[in-house]
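Take a look at the protein below.

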Amino acid sequence: MKPTLSKAAQQLREQFDDTFPDRDRRSDGWIGDARHSSRPSDHNPDPKTGVVRATDTDRDVHKSGKPDLMPDIADQIRLAAKAGDKRIAYVIFNGRIASSRLGWRWRKYTGSNPHNHHCHVSFTSKGDEDGSFFQIPLLGANK
Ligand SMILES: [Zn+2]
């Protein structure tokens with residue numbers, strides 16, 4: 001089965017690209033490499049549907065790396081989830097993770113990669129076919 005990226009993940013990436021067309025994409029990613037596929041990861045395609053439910057976005061939304069907006073963007077993704085966007089499963093950035101566990105508060109991330117160079121967002125299956133606009137102020141929200 002041909003792997004496809006979740007519609008919600010495609011939409012989030014589009015909002016990054018529309019807002020920051022010149023951003024650095026070197027740490028971008030979506031589908032798992034061999035290292036990922038040896039363990040459970042949202043970067044691996046769903047065995048039944050082929051949907052990949054995760055994206056990595058390079059921290060440097062400006063090529064120069066400045067201003068360093070990803071800490072605020074990651075926080076706004078978290079807040080969109082907290083406000084009720086059920087397509088977002090969790091966010092990992094800068095050694096921290098936020099999910100519905102503990103009410104979307106940031107907590108220490110103890111995985112092997114602290115995610116200092118990219119922001120990881122995992123999506124629920126609700127986002128597989130739902131590519132509606134994310135209400136994230138730094139990513140073009142209109143309200
Ligand atoms: Zn990732």
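Is N94 buried, exposed or partly exposed? N94 is partly exposed, because 16 other C-beta atoms lie within 10 Å. The scale works like this: a residue is buried if 20 or more other C-beta atoms lie within 10 Å of its own, exposed if 12 or fewer, and partly exposed in between, with C-beta atoms placed from the backbone.

This is a predicted model, in which local features need pLDDT of at least 70, side-chain atom pairs count only at pLDDT 80 or more, and totals for chains, interfaces and linings use all residues. Residues are numbered from 1 along each chain as its sequence is written.

**Overall picture**

- The protein has 3 helices and 7 strands. Helices (H or I, at least four residues) and strands (E, at least two) are DSSP runs, numbered from the N terminus.
- From the N terminus on, the order of elements is β-α-α-β-β-α-β-β-β-β.
- Along the principal axes, the C-alpha atoms fill a box of roughly 40 × 35 × 30 Å.
- Of the 143 residues, 34% count as buried.
- Take the contacts with a separation of 6 or more: 68% of them link residues 24 or more positions apart. Two residues are in contact if their C-beta atoms, placed from the backbone, lie within 7 Å.

**The sheet**

- An open sheet is formed by 5 strands in the order β3-β7-β4-β5-β6, with antiparallel pairing. Two strands pair if DSSP finds at least two bridges between them.
- The edge strands are β3 (54–58) and β6 (107–108), and each pairs on one side only.
- β3 joins β7 through 5 bridges, and the two run antiparallel. In these bridges, D56 has H120 of β7 as its partner, and T57 has C119.
- β3 is largely enclosed by the rest of the structure, because 4 of its 5 residues are buried.
- β4 (residues 88–93) is mostly covered, with 5 of its 6 residues buried.
- β4 is joined to β7 (residues 118–123) by 4 bridges, again antiparallel. Here V91 stands opposite V121.
- β4 also pairs with β5 (residues 96–99) in the antiparallel sense, over 4 bridges. S99 in β5 is the bridge partner of Y90.

**Helix α3**

- α3 (residues 70–82) has 13 residues and reaches 18 Å from its first C-alpha to its last, close to the 18 Å expected at 1.5 Å a residue. The expected span is 1.5 Å times one less than the number of residues.
- Its buried residues are M70, I73, A74, I77, R78, A80 and A81. Seen down the axis of α3, they fall within an arc of 160 degrees, so they line one face of the helix. The arc is that of the directions from the helix axis to the C-beta atoms.
- These buried residues pack against β4, β5 and β7.
- Just after α3, G84 takes a positive phi of about 125 degrees.

**Backbone details in the loops**

- Most residues other than glycine have a negative phi, and most peptide bonds are trans.
- N94 lies in the loop between β4 and β5. Its phi is near 55 degrees, a positive value in a residue other than glycine. The hairpin of β4 and β5 has 2 residues between the strands.
- W104 is found in the loop between β5 and β6. Its phi is positive too, near 65 degrees. W104 counts as partly exposed, because it has 17 C-beta neighbours inside 10 Å.
- The peptide bond from K66 to P67 is cis, with omega near -5 degrees. P67 lies in the loop between β3 and α3.

**Residue S27**

- S27 is found in the loop between α1 (7–19) and α2 (34–37).
- S27 is partly exposed, because 15 other C-beta atoms lie within 10 Å.
- Leaving aside neighbours within four places in sequence, S27 is in contact with D56, D58, R59, H117 and H118.
- S27 and D75 are 48 residues apart in sequence and 19 Å apart in space, C-alpha to C-alpha.
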